[in-house]
Amino acid sequence: MRVARPEPPLVTPDFNPFLPEVHADPYPVYRAMRESDPVHWSPDLGVWFLSRYDDVMALLRDQRFSADRSRSSLYVAPPRAVYRSLLTLDPPDHTRLRGLVSKAFTARVVEVLRPRIEVIVDRLLDAAAARGEMEAITEFAYPLPVTVIAEMLGVPSEDWERFRDWSAVLAASLDPVMPEERWARVFPARDALFDYFRVIVAERRSQPRDDLISAMVAAEENGDVLSEHELLVMCNLLLVAGHETTVNLLGNGLLALLSHPETMAELRARPELMESAVEELLRFDSPVQFTGRVAVEEAVIGGRSIAPGQSVVAMLGAVNRDPDQFPSPDRLDLARSPNLHLAFGRGIHFCLGAPLARLEGQIALTALLRRFPRMRLGAAGPRLRDTVVLRGLSCLPLLLR
Ligand code: HEM
């Protein structure tokens, strides 16, 4: 006799973003969580998960929560010291450091890079155009932002390859659970990168150029300057944050467009939609799915009491599909307005590089649509990368003619 097996419930008692089926398509699980348990305590992972827009918005602006993960009662110190960057600092250190670098990343300053980014995009696409196909992640989405940030920082182009390798290793360290062997690769990459930057910083100190490292060496606000160590940590952060995220905006964005051919055709016909299209692609399949905070005081969110030392995960990918904020949230609507997505976070840690990422996304997609009217998915199909905080593709084969 066969016994009908019940369908597994969408929200298992313990939400686990690492499960392969959740990783493959997390959005139905997010929806079920938002509907049934929006402030979810995970007994296995020992953290809270917030999936409602309003709750995450409040969390990211709440001073009772710290960005310093080491204040969590679950914190396990890695085998060697990790350096704290802007991302994990709280005021007043955060305020001070951010003030010293923020001027270099305003929309106005970044806009000056437009013609240069267009040249880099075109050069990358020329090679693919000649072949009629490309693997869009390794040949385009990856090299574009790393080239841009390397050039901004003032890293010579002959070192970009090495730079890319270090960055790939370091980016994987953003995941909250790190196996020993991954740490074993992270530290040598960080040391190599620090040694590398130390030389460039010394060179720029004696002979400043028109680049970001020279600007950071010279940065002074209210008599305050960046120490050498702070400068090296900042270079490291800009490199990793600056391209391991943008690669996923380009990859996920392209895949979303290719999976919605009518929407892509509309964007081709109405290029003036590009600015709002990039916002919608950031919302629809967000490159950074999670960020975290640690309660430093008792706080109540959505009626649940969060104790000091407990970690709270802000599910950015989930809140960007919250129907209370985004009508028909699973619809890709390139003209969506308003579109106050949280893909770049909110509050004092709001992404410093948002204007740069937006500009790169707009230029890259504009060029792809303009140059390749017949662009479509290659037979091998896309492949997801295995990182969980950063959601993106490791492979996206495209046919271009
Ligand atoms: C699509 C691309 C990008 C996405 C989705 C993204 C996402 C984010 C998010 C969600 C945060 C906030 C994390 C938190 O609150 O804990 C953040 C912070 C940050 N991002 Fe981005 N980012 C992108 C591109 C960039 C670029 C191009 C740069 C620099 C060149 C950059 C530099 C930073 C920095 C320095 C921070 C820390 C800011 C602070 O803590 O004050 N990001 N980013």
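Tutor: A residue is buried if 20 or more other C-beta atoms lie within 10 Å of its own, exposed if 12 or fewer, and partly exposed in between, with C-beta atoms placed from the backbone. The model is predicted: local features need pLDDT of at least 70 and side-chain atom pairs count only at pLDDT 80 or more, whereas totals for chains, interfaces and linings use all residues. Residues are numbered from 1 along each chain as its sequence is written.

Student: In what order do the 5 strands of the open sheet stand?

Tutor: Two strands pair if DSSP finds at least two bridges between them. E1 joins E2 by 4 bridges, antiparallel, and E2 joins E8 by 4 bridges, parallel. On the other links, 5 antiparallel bridges join E5 to E8, and 2 antiparallel bridges join E3 to E5. The pairing is therefore mixed, E1 and E3 each have a single partner strand at the edges, and the order is E1-E2-E8-E5-E3.

Student: How many of the residues of strand E8 are buried?

Tutor: Ser 311, Val 313 and Met 315 are buried on one side of E8, and Val 312 and Ala 314 are buried on the other. Strand E8 (residues 311–315) is therefore largely enclosed by the rest of the structure, the buried count being 5 of the 5.

Student: Which residue of E8 is the bridge partner of Leu 50?

Tutor: In E2, Trp 48 and Leu 50 point one way, Val 47 and Phe 49 point the other way, and all are buried. Contacts are counted when C-beta atoms, placed from the backbone, lie within 7 Å. Beyond its neighbours within four places in sequence, Leu 50 is in contact with residues including Pro 38, Leu 59, Ile 301 and Val 312. Phe 49 stands opposite Val 313, while the partner of Leu 50 is Ala 314.

Student: At what angle to E8 does helix H3 run?

Tutor: Helix H3 (residues 53–60) lies across E1, E2, E3, E5 and E8. Axes are lines fitted to C-alpha atoms, for helices over the stretch in contact, and angles run from 0 to 180 degrees between N-to-C directions. On that basis, H3 runs to E8 at about 125°.

Student: Which helix supplies the largest share of the shell around the ligand?

Tutor: A residue is near a molecule if its C-beta atom, placed from the backbone, lies within 6 Å of it. Of the 25 residues around the ligand, Gly 242, Thr 245, Gly 345, Cys 351 and Gly 353 come nearest. The shell divides into 17 nonpolar (Ala, Val, Leu, Ile, Met, Phe, Trp, Tyr, Cys and Pro), 7 polar (the others, Gly among them) and 1 charged (Asp, Glu, Lys and Arg). H12, H13 and H17 each supply at least two of its residues, and the largest share, 4 residues, comes from H12.

Methods
Two residues are in contact if their C-beta atoms, placed from the backbone, lie within 7 Å.
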